[in-house]
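Dear colleague,

I am passing on the structure we spoke about, and my notes on it follow below. Please read them with the model open beside you.

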4 protein chains.
Amino acid sequence: MTPKQISIQTTLSQQFCNVRQQSLELCAPLTAEDMMVQSCPEASPAKWHLAHTTWFFETFILREFLPGYQEYHPDFLWLLNSYYNSISDHPEKKLRASFSRPGLEAILDYRRHVEASMERLFESGMPAEAQERLVLGLHHEQQHAELLATDIKHAFWTNPLHPAYLDSRLPASGPAAAMQWVEYPGGVHEIGHTGDGFAFDNESPRHKQYFEPFQLASRPVTCAEFLDFMNCGGYERPELWLSEGWDTIQAQNWRAPLYWHRDQSGEWSVFTLHGEMPLSDLAGTPVCHVSYFEADAFANWAGKRLPTEGEWEIAASRLQVEGNLLESGRLHPSACEISSTIASGGKPNAATMNQMFGDVWEWTRSPYVGYPGYRPLSGALGEYNGKFMSNQMVLRGGSIVTPASHIRASYRNFFPASTRWQFSGFRLANR
Amino acid sequence: MTPKQISIQTTLSQQFCNVRQQSLELCAPLTAEDMMVQSCPEASPAKWHLAHTTWFFETFILREFLPGYQEYHPDFLWLLNSYYNSISDHPEKKLRASFSRPGLEAILDYRRHVEASMERLFESGMPAEAQERLVLGLHHEQQHAELLATDIKHAFWTNPLHPAYLDSRLPASGPAAAMQWVEYPGGVHEIGHTGDGFAFDNESPRHKQYFEPFQLASRPVTCAEFLDFMNCGGYERPELWLSEGWDTIQAQNWRAPLYWHRDQSGEWSVFTLHGEMPLSDLAGTPVCHVSYFEADAFANWAGKRLPTEGEWEIAASRLQVEGNLLESGRLHPSACEISSTIASGGKPNAATMNQMFGDVWEWTRSPYVGYPGYRPLSGALGEYNGKFMSNQMVLRGGSIVTPASHIRASYRNFFPASTRWQFSGFRLANR
Amino acid sequence: MTPKQISIQTTLSQQFCNVRQQSLELCAPLTAEDMMVQSCPEASPAKWHLAHTTWFFETFILREFLPGYQEYHPDFLWLLNSYYNSISDHPEKKLRASFSRPGLEAILDYRRHVEASMERLFESGMPAEAQERLVLGLHHEQQHAELLATDIKHAFWTNPLHPAYLDSRLPASGPAAAMQWVEYPGGVHEIGHTGDGFAFDNESPRHKQYFEPFQLASRPVTCAEFLDFMNCGGYERPELWLSEGWDTIQAQNWRAPLYWHRDQSGEWSVFTLHGEMPLSDLAGTPVCHVSYFEADAFANWAGKRLPTEGEWEIAASRLQVEGNLLESGRLHPSACEISSTIASGGKPNAATMNQMFGDVWEWTRSPYVGYPGYRPLSGALGEYNGKFMSNQMVLRGGSIVTPASHIRASYRNFFPASTRWQFSGFRLANR
Amino acid sequence: MTPKQISIQTTLSQQFCNVRQQSLELCAPLTAEDMMVQSCPEASPAKWHLAHTTWFFETFILREFLPGYQEYHPDFLWLLNSYYNSISDHPEKKLRASFSRPGLEAILDYRRHVEASMERLFESGMPAEAQERLVLGLHHEQQHAELLATDIKHAFWTNPLHPAYLDSRLPASGPAAAMQWVEYPGGVHEIGHTGDGFAFDNESPRHKQYFEPFQLASRPVTCAEFLDFMNCGGYERPELWLSEGWDTIQAQNWRAPLYWHRDQSGEWSVFTLHGEMPLSDLAGTPVCHVSYFEADAFANWAGKRLPTEGEWEIAASRLQVEGNLLESGRLHPSACEISSTIASGGKPNAATMNQMFGDVWEWTRSPYVGYPGYRPLSGALGEYNGKFMSNQMVLRGGSIVTPASHIRASYRNFFPASTRWQFSGFRLANR
């Protein structure tokens, strides 16, 4: 290896340690029993997340690139497979709550086994293809770290005792800064991943798209604003809703965001990873855990619309990737307190865009489809993104439980329009 | 009225007669009992189609614009409402099969009552707003004429005796002309409705879009080609399918297009409005009654893709609106027998595009969303299109049961990706 | 044939005519479209009842016993089969609403064809086995006559316009006679069919059963009494209900018997075959269209219980088979106005039992199982009763839509405990 | 207290210790994670069983009878309530898998808290009412001990790795002794609980019933015999099945008992609490984990029938309560090897009845209803049995996971006819 190669691998090796460590740290407040719970079809047990992310490195890197690698357990190849039909059969997702064996200790041992083997591979020099897969594997584990936080929140909410993940109290938020409109010019723009850094296949190819001029809100919609919508009968007015959204809120009996609860006195509270809080203490924070349908209905009520993913990316690509992300340790969105333009007295502009990264994933009005010329990765890893390109909507920007090194302007998250268990909010667009 | 106004109204009056007549003619082979059947959640009884289209004129035109109009029956306003929440409550769709009363005779009488009243309105002069609604109502009735044909096909297929709608035999088709690739240049194109003619709100506003150069197939995929896909294990290879598509074909046990049936000797036959036919007699005809998932899987198998709706519209906007449509009386797609380019020896070009209009609706890879700047009509008619803009895919070009005056290059049809009861096929794109 | 044989066959031939005629008469107020409706999974279209009862005679008698019999249509053998697996495949029950073809005229022609063939068989002399099957076929058609009335009531209720089957108004009922307790001695009694008359296989063998002394109410529970139960919170008190019943009323949102409707002013009305009536005009009539769960909950509320089927039969076997039955033409239960014991001043006794036959089927607390030594008929007809002996409860006594010659003291009807579309009420027992 | 009272309480106190200890011993092979799994709607997590049985003593005894009792946790009253509507609301059953908190350690602490409090109550003298509830509570805990074993078997089967509860191998069984018919006389017999011992309310009142003479098989049907049924097409012949049973096996795709698995070579294996075993090593053991429908179909195939619960009780009441029960530690039914009559050369008689207690619960053909004169306990405990008296069938005799002191001749177990996760088999009857 040349010194440069050594240096890259050192960096990768450090990243690997960091990412692996971050997953474990999220589990620190959890018992082995907590890590068994699978409380909705979208979620998986925390233990499964720890195991499956390890399986990814074993399956796609160690089995192929480490000579003489001894698999940890012969059944893990299919047991911990999530959905890669090209690799093996795999258990139905809903069965993951039955995996009491292997126990947590065995899974932690599996993690150490794979980490030690990866260490050997780092030391012996890693081929370029293995390096690429490693980087993919790191982002894969970061996705699951985020899911782990999302899923444990739902698990604790489902438990009738509503235990708190963290004992610490979240401080009450002040009111949010006023919402302003930031203007963007139209014309042909390029959208999609660019540069040397990592990106998923679904962010490519970078391609041209034509835009009319548009305006984006300087911050996401807040809980207080969403409560206004509710108080104005938002959930009772069919004309505000997509037909499928209206049917959904009737069938599910939704009258507020997920995790909102109204007590007998009529006061709203919100369940967070810090336990239950009065809504009034969160009034300025971005509304969170709403479906696309609710975001769209709010926008109709406000006489605005949701942005397309391209509009969002144009705005985001001018900004630093910084915000309230997982490393902040807050675990709940914060109120936007910065209003730089007002402070400086000028017109709002691109620099006044707040909370584009972190806090809440932002629903866009763009269905999730492949970009023009999109080609999935070859082989089993081609199943990573492409096969989900139907009946999902794109979300952008990451949330308060997204690792900072995992998010970027071109990042495309996607969920069905009725999804609420994610930290999902929205920002308005105009024109 | 000026002479020109009179002339317009005469034309409208004639169109009204024609459209109304066409609906009735489709019912000519049907008994009152046939017109009661509702064989799947997507479908409605034929009698309901006759009634609801009449309701549209009564509700949106006569009640508002004909002074002294006497409603035919006070309950019809809500009884025959399909989904306009702004107008009234409406019965659940699945209850339409219980409407034995009003009987067919009463519905035909209702039609005459409304037609006579419309005649009075034509004679007394129709305000511009009423004229606009009339044109919308005509297109609305044409949509339901097409649905009527689609639904009765499904109704007769559901009947275990599989009766034929028409006694006449469909002639066997010859093989289809060879498929060729037609090249289109990239750049910024305008998409959406233009000109004076009628268009639905969802075809507007006309707007710019950027395209890479692309190729479209000169004709749709045929039954013979789809059988190849099946014989190559197309329905057994998960890597060809969207994840949701794969789940759907397992859950529904789909192994062929709707209306295909394999007898004990292994021979395939196809149910048509002319009764059952051997697949071999239809080999060259466009494959029909496939879902988006099947169209997409075929394209993956073929190493191609489906076109976007914009690409399709660029190609279609250069063509005359002509093809095998409802007025042909064929009621089943025909094989493409024209291959003008080969005949003339030159390269294929836009003029070689066959069967763009009629024969089969063509699935595109474009989810159904509002165009940039889209605004629904105001009032109840705003519920016509906009509220369905989620989880549906766009189809283009009309089918063999689409009235000729109903289709155009900018027309956007839309159905969920799993829909098969429509006359839905597809055409491949390349690059 | 001996004169006696001739006489029997004449009688059978007359009965055949009568039963067949009765089915048609029930259809007199119906259009062909009415006869297409299948409004709940339990029900069938009226036309199907006319066809299937005819199929029974064709399949079990004409095909086997009439030399040279020409089947009416080769597909009818399986098309009109309800559930006899030993005969042929059969269409799913829910598809019966798709049988627009054969049309009503064809079915009526089929009826005439089979009747003419039966006439030939009557004339040529019918073997004993055929005679037995004929009698079974007559009772089979009577069952379907009753179902036809039951099903059309539900069909018209499902129609949002709630049309009336008969235009005539039902007279308002007076209050019911006071309920009295009639005492029956315990000991070993014989239960089950006895004598020469027809009975289904499930009424045999007659067998001994031991009883404790018991009391039965002199009449069924009335609408007024059931309204008391409702007004006392009967549907809100889980302690009154079987666990499965409680789950059912929550899942179905039942808060009153089927066909009861509360208008905005809080007044109850009841849908009948004569159209909608105020509950107050029916207060003294037996409550009808309740499930077993509701009957049982009422009995718990009243501190009583439902009778066993054996107790009911002991009481009924002492009575003449007479009551408000189909031939009365009333089509809705009547209030019990007779209280003979009070008139004569003595203690109530067996003769004071009212409305044991007709008016409403009476839920018993006996699950439907085979009697000791029960053997189904051999061959396909063995599927008539025996295979339904699980998870159903026995009802006794016939209803206002039961033909008079069809009911008897030993007759066992059976439906799942959640069934409400039948004319089902109940009578209390004590001790 | 008199010496006798002291002695009774000592005995109760010892029983209490024994029963509590038995529950814990069943959990000895389990991890805290194992005790979280709820793998089917019928089952509960093992931890929940430990908690709920403790709740029973706390709720019905300590709260009412121990002055100054400090509840362990204020939420446990409703959190651990199973279905007693009179006590409090309770969480949906399916949520029990989300109870990661309270953790196992807390539940064990709760058990110790309640046990210590019970000890105080024992010492201070327990009122008669409390004693009665205690005995009920002991039987309640024994029921849950059995369920715990049943549920953990299903949990481990659901885990794709199929772990074994015990590492020890089950010895292969020899063939079963020949089946013989034992004759019982008819006449009026008394059925139901008698004597001083404990019985559930549903075993009373003892009452007279009339029986025809009958024969019972000397042992349950074996796996080898059931395999014969399967090999003779038992699962493919609708005429053998109740209609509902036939629908169930189609819908569930059942072609063998639960826990049977056929490998690619066509060999059957059976999952046990000792792990997977070849069926051939279990051929002589009673078939187990079959539904009522399968038991009934087998009996029809064999030309026999299932016994009524009364017939079974007549036979059982002449026998000692002994057999292969939980205390044997076998955890799987054994083959019947005893055929005393053949050994002694005489005719079979009541003493030759084998395996009446233990090994497998035996389905009877008796639906679960209240005995004549049945009255539930008063108050909340009245919800224990009575409210489940619909759509369930009675099983008798206990199984290999039933505690010995829990079973008796009059004991009535009950489950829906489609239940298979219990250790349920059957014995044939004749005549």
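In this predicted model, chain A is divided into domain 1, residues 3-158, and domain 2, residues 181-430. Taken over C-alpha atoms, the centres of domain 1 and domain 2 of chain A are separated by 28 Å, and the contact draws on 29 residues from domain 1 of chain A and 32 residues from domain 2 of chain A. Together these two domains of chain A bury about 2,800 Å² between them, with 66% of that area on carbon and sulfur atoms. Of what domain 1 of chain A buries against domain 2 of chain A, Glu146(A), Lys153(A) and Trp157(A) supply 28%, which is more than any other three residues.

As for the polar side of this domain interface, the count of salt bridges between domain 1 and domain 2 of chain A is zero, while 15 residue pairs are found in polar contact across it, both residues being at pLDDT 80 or more. On the side of domain 1 of chain A that touches domain 2 of chain A, helix H1 (3-27), helix H2 (46-65) and helix H5 (128-158) of chain A each supply at least two residues, and H5(A) gives the most, with 17 residues. By class, that side of domain 1 of chain A has 15 nonpolar, nine polar and five charged residues.

Turning to the interface between chains, 29 residues of chain C are in contact with 29 residues of chain B, and chain C and chain B bury about 2,200 Å² between them, 61% of it on carbon and sulfur atoms. Glu33(C), Arg101(C) and Leu161(C) supply 34% of the area that chain C buries against chain B, more than any other three residues. The count of salt bridges between chain C and chain B is four; the side chains of Asp34(B) and Arg101(C) meet in a salt bridge at 2.6 Å, N to O. The residues on the side of chain C that touches chain B divide into 18 nonpolar, six polar and five charged.

Finally, chain C has an open sheet of four strands in the order E12-E11-E10-E13, with mixed pairing. Strand E12 (413-415) and strand E13 (424-425) of chain C each have a single partner strand, so they stand at the edges and one side of each is left without a neighbour in the sheet. Strand E11 (residues 393-396) of chain C runs antiparallel to E12(C), the two being joined by three bridges, and Val394(C) stands opposite Phe414(C) in E12(C).

With best regards

Technical notes. Residues numbered from 1 in each chain as written. Chains lettered and ligands numbered in written order. Predicted model: local features only at pLDDT ≥ 70, side-chain atom pairs only at ≥ 80, totals over all residues. Heavy atoms only, no water. Pairing = 2+ DSSP bridges. Contact = heavy atoms within 4.5 Å. Buried area = accessible area lost by both parts, 1.4 Å probe. Nonpolar A, V, L, I, M, F, W, Y, C, P; charged D, E, K, R; others polar. Domains from an automatic or database assignment. Polar contact = N/O pair within 3.5 Å; in protein donor to acceptor, adjacent residues only side chain to side chain.
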